[in-house]
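Here are my notes on the model, written up as numbered points. Have the viewer open while you go through them.

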Amino acid sequence: MEIAELNSLQSTVLWAAFAVSLAFGFIAQRTHFCTMGAISDIVNMGSWVRMRMWGMAVGVAMLGFHVMAWLGWIDPSKNIYASGRIIWLSALTGGALFGFGMVLASGCGSKTLVRIGGGSLKSLVVFFVMGFAAFATMRGFVAVARVNTVDQVAFDMAGGSSIPVALSALLGADPQIVSLAMALVLGLGLLVWSLLSAEFRTFDNLLAGLGIGLVIVAMWWVSGRLGFVAEHPETLEAVYLSTNSGRMEALTFTAPMAYTLDWLIYFSDASKVLTLGVVSVFGVIGGAWIQSVLDRSFRWEGFRGTQDTALHLVGAVCMGVGGVTAMGCTVGQGLSGLSTLGLTSVVAVAGIVAGALGGFRFQLWLLERE
């Protein structure tokens with residue numbers, strides 16, 4: 001492959017990633033897909049409808065990821081979540097911090113971008129603060145504290161963090177067969193569980209579950225197959241084009257917010273190039289904006305007062321720090337990570353749910369004080 005061909009392919013990968021994230025924003029805006037909202041509905045109303053959306057999306061993403069791996073389209077061991085070092089305390093602590101923050105900030109990272117597309121100025125503020133906090137946690141003063149504390153508590157797993165791979169080692173079975181079997185059982189199980197509810201079976205709910213799940217699968221394909229070059233013409237090494245990690249990536253939004261701010265601030269620096277993460281941020285905002293214009297729901301929204309502003313700022317910081325510490329958000333670890341059946345993702349999601357429940361209790365305490 002020549003350099004010109006490589007550059008052309010890179011552009012194709014970026015446009016494909018933008019189109020996929022555009023679909024995510026459009027669907028999320030139309031269907032009100034939201035992890036925090038799903039947990040809130042259960043806690044406050046006893047409704048599991050939006051959680052079934054989320055469950056179906058995870059099931060579809062899980063099936064798609066492992067079927068592509070079975071077909072040889074992608075290498076599951078090269079995904080961003082496949083590290084053999086299980087930083088379980090970072091995943092748990094960061095997840096809890098992220099979950100608490102998303103309650104205070106009225107939604108997770110993806111919901112923040114969707115709300116921006118719908119005209120929320122306070123979500124725009126959350127975006128900037130969250131991106132700054134994420135950058136500080138990746139490379140700034142918070143990063144030093146993270147690396148020297150919670151990241152130190154870990155253990156190693158041979159063959160990476162994949163639960164099926166670890167299970168196959170114990171059973172002495174073929175990892176590919178165990179991975180596919182586990183994905184089929186869990187993925188189909190989540191689909192069946194979602195569809196068992198008659199209340200869930202509406203067009204928008206099915207669009208959310210199937211559509212968001214397929215978006216995650218599509219991004220794995222864009223990153224892991226379309227963007228994979230077996231031999232770079234200059235380095236002669238295998239490379240995944242336009243990824244910040246150098247590995248196969250799907251949708252996630254905490255670190256990409258930081259990379260987006262970095263790209264915007266240093267736009268004239270030729271070394272700052274567009275990546276899948278950066279274009280996905282713009283894509284989600286664009287998709288949500290298109291849908292909000294089509295259904296005439298677009299409206300400008302600001303903070304209600306000082307307390308509302310303070311809570312959103314604190315929530316944004318918690319999400320930025322927590323999302324990087326946990327190596328992902330409700331979409332990054334929750335959808336993309338769980339689709340790989342990674343152990344760290346399971347721990348991170350447990351932390352996010354626990355943190356969100358703590359956030360709801362905190363909000364209730366604030367209301368009782370008024």
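1. Start with Thr137, whose contacts (heavy atoms within 4.5 Å) beyond four places in sequence are Val142, Ala143, Arg146, Gly320, Val321, Val324 and Thr325. Thr137 sits in helix α6, residues 121-139; helices here are DSSP runs of H or I with at least four residues, strands are runs of E with at least two, and both are numbered from the N terminus. With 0% relative accessibility, Thr137 counts as buried (under 20% relative accessible area is buried, over 50% exposed, in between partly exposed, using a 1.4 Å probe and protein chains only).

2. Some housekeeping before you read on: this is a predicted model, where local features need pLDDT of at least 70 and side-chain atom pairs count only at pLDDT 80 or more, while totals for chains, interfaces and linings use all residues. Residues are numbered from 1 along each chain as its sequence is written, and side-chain values use heavy atoms, with hydrogens and water left out.

3. Gly101 belongs to helix α4, residues 88-104, and is buried at 0% relative accessibility. Setting aside residues up to four places away in sequence, Gly101 touches Gly315, Cys318 and Met319.

4. Ala82 is a loop residue, between α3 (49-71) and β1 (85-86). Its relative accessibility is 16%, so Ala82 counts as buried. Beyond four places in sequence, Ala82 is in contact with Pro76, Ser77, Gly160, Ser161 and Arg247. Ser242 is 160 residues from Ala82 along the chain, and their C-alpha atoms are separated by 19 Å.

5. Now the helix packing. The axes of α1 and α10 (residues 203-226) come within 9 Å and cross at roughly 165°; axes are lines fitted to C-alpha atoms, for helices over the stretch in contact, and angles run from 0 to 180 degrees between N-to-C directions. The two helices are therefore roughly antiparallel to each other (over 145 degrees; under 35 is roughly parallel, 65 to 115 roughly perpendicular, and the rest oblique). Residues that meet across this pair include Leu9, Val13, Val20 and Phe24 from α1, and Leu207, Ile212, Val215 and Leu226 from α10.

6. How many aromatic pairs does a search of the whole structure find? The search turns up twelve, where rings of Phe, Tyr and Trp (its six-membered ring) pair if their centres lie within 6.5 Å, and planes under 30 degrees apart are stacked, over 60 edge-to-face, and the rest tilted. One of them is Phe24 with Phe253, a tilted pair at 5.7 Å centre to centre and 50° between the planes. This pair links distant parts of the chain, with Phe24 in helix α1 (residues 3-31) and Phe253 in the loop between β4 (239-240) and α11 (254-265), 229 residues apart. Phe24 is buried at 1% relative accessibility, and Phe253 is buried at 0%.

7. Phe298 and Trp300 pair edge-to-face, at 5.0 Å centre to centre and 80° between the planes. Here Phe298 is partly exposed at 30%, while Trp300 is exposed at 64%. Separately, Phe65, Tyr81 and Trp220 form one aromatic cluster.

8. Last, charges over rings, meaning NZ of Lys or CZ of Arg within 6 Å of the ring centre and within 35 degrees of the ring normal. Arg52 lies over the face of Trp193, 4.6 Å from the ring centre. Lys272 lies over the face of Tyr266, at 5.7 Å from the ring centre.
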